[in-house]
Each structure stands twice: as C-alpha cells, then as structure tokens.
Amino acid sequence: MAHIIVVGNEKGGAGKSTVSMHVATTLARLGHKVAALDLDLRQRSMGRYLENRKDFCTKAGLELPMVEMHELPEIDPDSLQPGENIYDHRLSAAVSALEPGHDFILIDCPGSHTRLSQVAHSLADTLITPLNDSFVDFDLLAHVDQKGETITGPSVYSEMVWNARQLRAQAGLKPIDWIVIRNRVGTQRMVNKEKMERAINMLSKRIGFRVAPGFSERVIFRELFPRGLTLLDLKDIGVKQLNISNIAARQELRDMMKEVNLPGVEISI
C-alpha cells in the first residue's frame with residue numbers, strides 16, 4: 001500500500017507547489033516509485049512542472065528521476081447513488097488504482113477550499129502544510145490577539161484537518177502525521193520572527209502538528225520551473241559548481257526532508 005502525502009493549505013503563495021515538486025522528485029531520486037495527483041484543476045502548477053520536466057528530458061536527451069503524473073478518472077454520473085459526490089468517487093478511484101504499484105502518492109491541493117481538497121485531507125497519511133513566516137499566513141491555522149501572543153481560536157482550515165482526523169479514526173485508520181513547514185523565515189532575529197516561533201510552537205502542542213524548516217525566498221526556484229528541474233538535478237544537467245545560494249537551498253531541502261521523516265525514506269542526498 002502506498003503512503004499518501006497531501007500538501008495543502010487554503011491560502012495561495014505559501015510555496016505549496018514548490019514543496020510538492022521537491023518532495024516528489026526527491027523521493028523519486030532516492031529510488032521510490034512516486035505518483036502525483038494535482039487537484040488544482042485550473043492552475044495545475046504541479047502538473048505543468050512535471051510536464052516541463054518530461055519535455056526537457058526528451059529534448060535534452062537526459063534521463064532524470066521521474067514522478068508519474070496522473071489525472072482523475074472520469075466517472076459515469078449514472079453510476080452514483082443519490083447524494084453521492086462525483087468528485088469523491090473520482091479521487092478514491094484514482095488513489096485505489098495507484099496504491100498497489102507505488103511507494104508514495106503525493107496529492108497537491110489547491111490554495112482554496114474545495115470538495116476535492118477536503119476529501120484528500122481525509123486520505124492523508126502525512127499532511128504537509130507550507131506556511132509563510134507571517135501572521136497573515138498564521139491566520140490560516142489559528143486566530144491570535146492583537147499582540148500576536150495569545151491564541152483565541154482555531155481557523156476553518158484547522159477545523160477541516162480536525163474533521164479529517166475524525167473521519168480517519170472512525171474508519172479505523174492511523175492518525176494523520178501533520179507537519180507545518182515554515183517557509184521564507186528571515187535570517188535575522190526580529191520581533192515578528194520570534195513571535196511567530198512562539199505562536200507556532202504553542203499551537204503545535206494545542207492542535208497536534210510537528211514543525212519543520214522550509215525554504216527561504218530564492219530566485220532559483222522560479223528559474224527551474226520552466227524545465228521542471230529541482231536543485232538536485234543541477235549537476236546532472238552539467239552544472240559543475242553550485243553557488244552559495246544553491247548550496248544553502250540544497251541544505252534546506254535536506255533539513256526539510258529529514259524533519260518530515262517519511263516512513264522508509266533514508267535521506268542520502
């Protein structure tokens with residue numbers, strides 16, 4: 001049975017697709033068989049990235065570790081029972097077909113609340129939620145007072161994850177391992193950074209998630225997208241010497257993967 005990784009939040013611009021791309025291709029590079037589903041049916045950032053990767057390898061005559069991109073199958077509406085949702089069946093059919101032949105299935109959710117995203121969260125063995133280091137983004141997880149020091153209540157996203165956990169418990173499935181990844185953390189010690197760190201650590205104990213380091217803001221991520229590449233591919237395409245920024249970004253990827261700590265994955269990159 002494949003381990004299902006869901007990368008989701010309900011706010012755009014947090015680096016969700018960048019995290020999805022790097023987690024999936026890192027697992028493929030480590031020798032795992034990985035399938036991907038992109039539930040953002042309009043923008044399709046993950047899908048476009050993997051298409052770019054395939055096209056680049058074909059034109060350049062290269063063989064890089066690949067992630068299999070799959071579409072949701074079509075379902076005959078007449079086959080549904082009254083009250084059943086067609087998107088539920090499309091997603092469950094896709095996952096059921098992919099599970100036997102893969103080690104991991106990565107599901108990239110849109111940056112908004114959709115029925116597909118809600119169902120995907122209930123399927124997650126591991127849930128990764130990228131979060132910019134800002135109280136604007138922290139509001140995705142919980143509400144805080146004006147000083148940013150006291151949590152006043154959960155957000156609608158946290159409540160959705162709670163509901164997904166309840167559904168899994170009712171079905172007798174193991175709990176979701178929820179990891180919040182802190183992206184774009186400043187290098188300097190600033191008041192906002194320290195407040196964010198305290199708030200996230202406090203909330204992690206309250207609603208039950210782990211915290212992992214993410215990526216800093218780097219131009220290289222945007223530059224690699226048109227070719228479907230990651231930092232780990234640079235030497236394979238002929239880059240002999242990485243600059244300091246690229247080396248730092250590779251270390252960030254290693255640190256993130258180690259903290260996410262997926263089952264059966266030994267980080268040797």
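Five aromatic pairs occur in this predicted model; rings of Phe, Tyr and Trp (its six-membered ring) pair if their centres lie within 6.5 Å, with planes under 30 degrees apart counted as stacked, over 60 as edge-to-face and the rest as tilted. The rings of Phe135 and Phe138 have centres 5.8 Å apart and planes at 70°, so this pair is edge-to-face. Both residues belong to helix 5 (residues 135-138), three residues apart, about one turn of the helix. Helices (H or I, at least four residues) and strands (E, at least two) are DSSP runs, numbered from the N terminus. Phe138 has 1% relative accessibility and therefore counts as buried; buried means under 20% relative accessible area, exposed over 50%, partly exposed in between (1.4 Å probe, protein chains only). Elsewhere, ring pairs join Tyr157, Trp178 and Phe209 in a cluster.

A nonpolar core is a set of buried Ala, Val, Leu, Ile, Met, Phe, Trp, Tyr and Cys residues joined through side-chain atoms within 4.5 Å.

| Core | Size | Residues named |
|---|---|---|
| Largest nonpolar core | 41 residues | Most contacts inside it: Ile5, Val23, Leu27, Met256 and Leu262 |

Leaving aside neighbours within four places in sequence, Met256 is in contact (heavy atoms within 4.5 Å) with Val19, Val23, Ile181, Pro213 and Phe215.

Residues are numbered from 1 along each chain as its sequence is written, and side-chain values use heavy atoms, leaving out hydrogens and water. Because the model is predicted, local features need pLDDT of at least 70 and side-chain atom pairs count only at pLDDT 80 or more, while totals for chains, interfaces and linings use all residues.
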